[in-house]
Amino acid sequence: MAAETLLWLIPLPPLAAFILITLVTSRKKALSHGIAIAGAGSSWLMSLLVFIQAIARPNLAENPIATSISWLPTGETALRIGVQLDNLSAVVLFFVAWTILMIFIYSVGYHNYGQPVGERDVPGMPPHGADVKDSHGHTHRVPSVEPMYSRFFGFLSLFAFAMYLLVVCDNLLLLYTGWEVMGLCSYLLIGFWYGKDSAKKAAMKAFMTTRIGDVFMLLGIVFLYTQAGTLNYREIFGNADLMHTLATTPAGFLGLSQAGGIGLLLFIGTVGKSAQFPLHVWLPDAMEGPTPVSAMIHAATMVSAGVYLAIRIFPLLSAGWEPGGALTPAMMVVGAVGAFTALFAATIAVAQNDIKRVLAYSTISQLGYMIAAVGIGAYTAAIFHLVTHAFFKALLFLGSGSVIHGVEHGVMHSGEHVDPQDMLNMGGLRKKMPVTFWTFLIGGLALSGFPIITAGFWSKDEILSGAFHGGQTVIFVTLALAALLTAFYTMRQITLTFLGQPRTEAARHAHETPWTMTLPLVVLSVFAVTAGWSGIPEHFPLIGGWLPNWFEHFTGAMLGHEGEPAAFSAVPLLVSVTVSLGGLTLGWLVYKGVKIAVDPLKKALGGLHNLLKNKYYLDELYNFLFIKPAIWISEVFTSRWMDRVVIDGILHAIARAFLWIGRLVRQGFDVPVVNAGGDALASGIKKGGAALQPMQSGRIQQYMVVTITLVMVFTAILFAILKLV
Amino acid sequence: MTNLLNPLVLLLLIPLAGTFLLWLIPGGRKSLVRWVALLTSLIAFGYSLWMLSQFQSTDPGLQLGVKIPWLQFGSTTVHFEVAVDGLSILMVMLTTFLTPIAILSTWTAVKEKVKGFMAFFLLLEAGMLGVFLAQDMILFYVFWEFTLVPMYFLIGIWGGERKVYAAVKFFLFTMSGSLLMLAAMLWLGLTQGTFSLPQLEGVGGMVPAAAGLLFGAFALAFAIKVPMFPLHTWLPDAHVEAPTAGSVILAGVLLKMGAYGFLRFNIPLFPQVAVKAAPWLALLAVIGIIYGAATAFVQKDVKKLVAYSSVSHLGFVVLGIFALNPLGLQGGILQMVNHGLSTGALFLLVGMIYERRHTRQMDQFGGLWKVMPVFGTLTLLVVLSSVGLPGLNGFVGEFTILMGAYTSTAINYTLAAILAATGVILAAVYLLHMYQHVFLGPVTHEENRFLKDLNAREILTLVPLLAVSAWIGLYPKPFFAIMAPAVDKLIAIVQPFIAVVK
């Protein structure tokens, strides 16, 4: 089949799966996950086929796999929609296909397929577990299957459809569609256990916060369309005249060029979706959703879509910029937001005890890394880190889900009331859950940028080196500090969870998870190592040049020139090795001896720890600054005061005045009040009020008569006036 | 006689014939009454589909029309003149489409005086169709007022607790606006010697001194009907007290009469004033978008929330219309249809829950998704269409309107589009807030624990609305295509004046 046709087809199997599961198989668990995985699997297969064709095609950047049809005739211009695969979307498609399929498989085990139905389980709440009797007559408490098992796979499939759509589409409108549908799925899946109050609130918060970003993005799309007359990537970015005009025409605000203005508006969409400061607050709360959701939506795919957009619009952000020259204002904003977020989120991660929340802040921080890379013009490094991060962060999330699952098993066994997500309640799990441990270790080391062997090292090193060579010292130092903290909190996490001795009975009885969960961990850990080998810089000491720097060449082609391999400098390399190993060692030293469930940093840092633990009190600040005033305005100002007091007050006053005049006229002159002219208002009130009283009990025939009479009266009045005139 | 066999006249006669038939049936035979009313409205819908097939979508002018001399005043003749064009065809279809759905929704909700209810309903349908078909000012006025009466009784008799207040408020508000409109029509007709709308195109240029006042008189009547801020306070009251089917038609069609009036009168008759007034009307529209949304957010009564959301959504429609460019106008007209579909559906949903629990207070609900999964799912779909999720109808309309407003030379400030865009966030705020309050979380009230999920009839009322919503969302091309030539014609009338002003 032609690659173009395949490209159209890629998003469809999950959509078909969603429809089938929702309408037909919602009561059949095995059939539902079968259909979902088959859907994800077909998309995966087609993605890989297209990917292979794409990398084999010479000049893919100028000659992408693309086709389109016309969709929305707006005025004189027809908006066309279509699909395309260029170098950027090809590599994104690759990691999206793999992570989605792995997460689908993992979900089967995560939702306890094959386990008994819990007697106390209800839809909308996480399963509580079921009691089973073994052959000896002993009662055991075991995990029970998720009551809304099929629905989960339905939503997950819809999400997969939207993500594939976003990757393969060739224009911003379709991208926005996928983007919003993913937002919806994120809402539905964070609030999957909708019976939980916290989940319900988190879902709402996620949708609202990202939508703030989306509206600016929509404005950016509108702005761009009005200037360019198209939303197709190639027609915009490939049109040198247009790009030149956009770069040189002022936008009329903040001293930006039109390109910069549009770029920044679109970028605010990224800030929301990829949880960048100051719109990052939704992502940690989104951990309320089931763990596969956290892995897929909030680590590997949806949040990556934000970065993908930022990379996609790089030509706009950087319009007028020469590599090596001064950054454009738009790039500076992007770089600053990214670098700040990277460090800021890393500091919070240090003080979180929930195993998933640490990863959530870590995700925010790593996305900040990529955004910073876009900002400083390290284009290929941003893509590279996007790819490697998707693999190792999905791995870590799935690993954490496996850990939680194992500890929950222990909790059921021991009957303790401990939080199965709190790392301080764990310890020593390496022996109980070996596969989870080793894969988590690989993911953790990749996240810390452990030198040479992990993928994270290569991509992170490339960003640091880009910042260094670009002369962006502030960003370089910020990112290096963030990397140090990253290594530190990762080692803290590994040590607290897996090393040492168990700190609770539950941890002592934790259990390795079924193969459906561990197999995806193993597959992803392979990529967490090998993905980095595709982008080893040619000038790297000793091993540089063993493998071609394929990634740099392939994605760099998108910029129209093969990026000059940066001159090698030992500074960024040394820094990156030092912060990685230093952070890891420090984390090990601080946490290796933790025997009781108290964080040693708490005492050492004092008030600062509290500040970090409470995420700098940003949620409280937003509540005070934005949410409370907004509620006040709508409740007190518009609803109570303006609508009921001012507008209705004036109306009632007019009505009363007319009534009063009417009464005066009648009493004074004793003339009938009914007068079609000026005081219809008063007569209407009187007539309406009086007429309706007897009507309540009257008969229908009478109303009909009244209706006809009224119509005739109207007509009569009309003609009377006509005659007069 | 052949004139009376005109397709549009027949369309008007179908609901009237139904009313007559109902009159012959004894009121006690409620079930027969219901079926006759439903079948009548379905015949009208089927007939309008045939009419649609006869409609030439490439022709920008009036079609299928008939013009019969009706009354004579001195030298001026009032005609019974009806015709349809790209501006009105979708409104006609919306009316015939929503009426059977609304009637079907009353099956068990209206138990008392069924015959009267149905008779008024069919009369209302005839009146609404007349408004969209009339091409003579006096005829338009007659139909315009004619719709008031059945609606007044639908609220006043079958309404809720404060029905009298609401009915009178509704009646007076609209009446006071339309009296000024009547005065303007009479003055215009008698000075120009014709009441025929096609002949009055661009008449503002002939009476430059009075054009501003005339425009104002029309605009006031239509702004009340839409309703635009600050003339909107009748709407929440009317909606809250109206029976479900009344709300569906009120929101779905009656409000559109206001927006349609702008398209049929203000813009083609007084293009030069329309261009000057556009920035100000756009300002009011934007205020309405934000104001309606803010007020909707704090309503405790779900129906009131939906009513205020109409104020916000109709703000988009007016913004699009007064962008006075093809994108804005097309988006505005499409959004009229969209609002009819999604808000109509929202009112149906509110009615269904009210029928079960006899309350619409949000704090009486919670966790309903668990109890009524079908209801929860369908509500979510409608909510998503209303908040403008791409893939459903609302997005297409809003996006086109925003593009129109952004590029509009008549509105002239991009801030309008930017502020309007915040309406997109706000819609999500109040609707999802409502959704999570009612459907998510634990079941908080014992009496909600065993509510029955939707039955087949109720699902049947919602499915057509959702189907068309999805159609518009996925492939809006046919809808745009049918209105495009008429919109271009309208633009051609206004365009010279935009060029002059700028």
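Predicted model: local features only at pLDDT ≥ 70, side-chain atom pairs only at ≥ 80, totals over all residues.

Visitor: Start with chain A. How many helices and strands are there?

Guide: Chain A has 30 helices and 4 strands.

Visitor: And what share of its residues is buried?

Guide: Of its 725 residues, 59% are buried. The accessible surface of chain A is about 27400 Å². Carbon and sulfur atoms own 68% of that area.

Visitor: What about contacts in chain A, what share links residues 24 or more positions apart?

Guide: That share is 77%, counting contacts with a separation of 6 or more.

Visitor: Now the core. How many residues are in the largest nonpolar core?

Guide: There are 458 residues in it. The members that touch the most others are A:Leu175, B:Phe140, B:Phe218, B:Phe270, B:Leu319 and B:Phe322. In soluble globular proteins, nonpolar side chains tend to be buried together.

Visitor: Take B:Phe322. What does it touch?

Guide: Leaving out residues up to four places away in sequence, B:Phe322 touches B:Phe215, B:Phe262, B:Ile267, B:Ala274, B:Ala278, B:Leu281, B:Ser408, B:Ala410 and B:Ile411.

Visitor: Switching to holes. How many cavities of 30 Å³ or more are there?

Guide: The structure holds 8 of them. The largest cavity has about 130 Å³ of space.

Visitor: Which helices supply at least two residues of its lining?

Guide: In chain B, α11 (302–321), α12 (326–357), α14 (373–386) and α16 (415–439) each do. The largest share comes from α12(B), with 4 residues.

Visitor: And the residues themselves, which ones line the largest cavity?

Guide: Among them are B:Val302, B:Leu346, B:Ile353, B:Phe365, B:Phe375, B:Thr379, B:Met434 and B:Phe439. By class, the lining has 11 nonpolar residues, 1 polar residue and no charged ones.

Visitor: On to the backbone. Which peptide bond is cis, with omega near -10 degrees?

Guide: That is the bond from B:Val226 to B:Pro227. B:Pro227 is in the loop between α7 (208–225) and α8 (234–241) of chain B. A cis bond also joins B:Phe229 and B:Pro230, with omega about 0 degrees. B:Pro230 is in the loop between α7 and α8 of chain B.

Visitor: Why flag these?

Guide: Most peptide bonds are trans, and most residues other than glycine have a negative phi.

Visitor: So which residue other than glycine has a positive phi near 60 degrees?

Guide: A:Tyr616 does. A:Tyr616 sits in the loop between α27 (607–613) and α28 (618–669) of chain A. B:His358 has a positive phi too, near 55 degrees. The place of B:His358 is the loop between α12 and α13 (368–371) of chain B.

Visitor: How exposed are they?

Guide: A:Tyr616 is partly exposed, because its relative accessible area is 27%, between the 20% and 50% cut-offs. B:His358 counts as exposed, because its relative accessibility is 57%, over the 50% cut-off.

Visitor: Last one, A:Met433. Buried or exposed?

Guide: A:Met433 is buried, because its relative accessible area is 0%, under the 20% limit. A:Met433 lies in the loop between α18 (429–432) and α19 (434–448) of chain A.

Key:
Residues numbered from 1 in each chain as written. Chains lettered and ligands numbered in written order. Heavy atoms only, no water. 1 Å grid on protein atoms, 1.4 Å probe; cavity = no way out; pocket = protein on both sides within 12 Å on 5 of 7 lines; lining within 4 Å. Points joined across faces, edges and corners; volume = space filled by probe spheres on them. Nonpolar A, V, L, I, M, F, W, Y, C, P; charged D, E, K, R; others polar. Buried < 20%, exposed > 50% of the residue type's maximum accessible area, 1.4 Å probe, protein only. Contact = heavy atoms within 4.5 Å. Areas by Shrake-Rupley, 256 points an atom, 1.4 Å probe, with all protein chains shown as cover. Core = buried A, V, L, I, M, F, W, Y, C linked by side-chain atoms within 4.5 Å.
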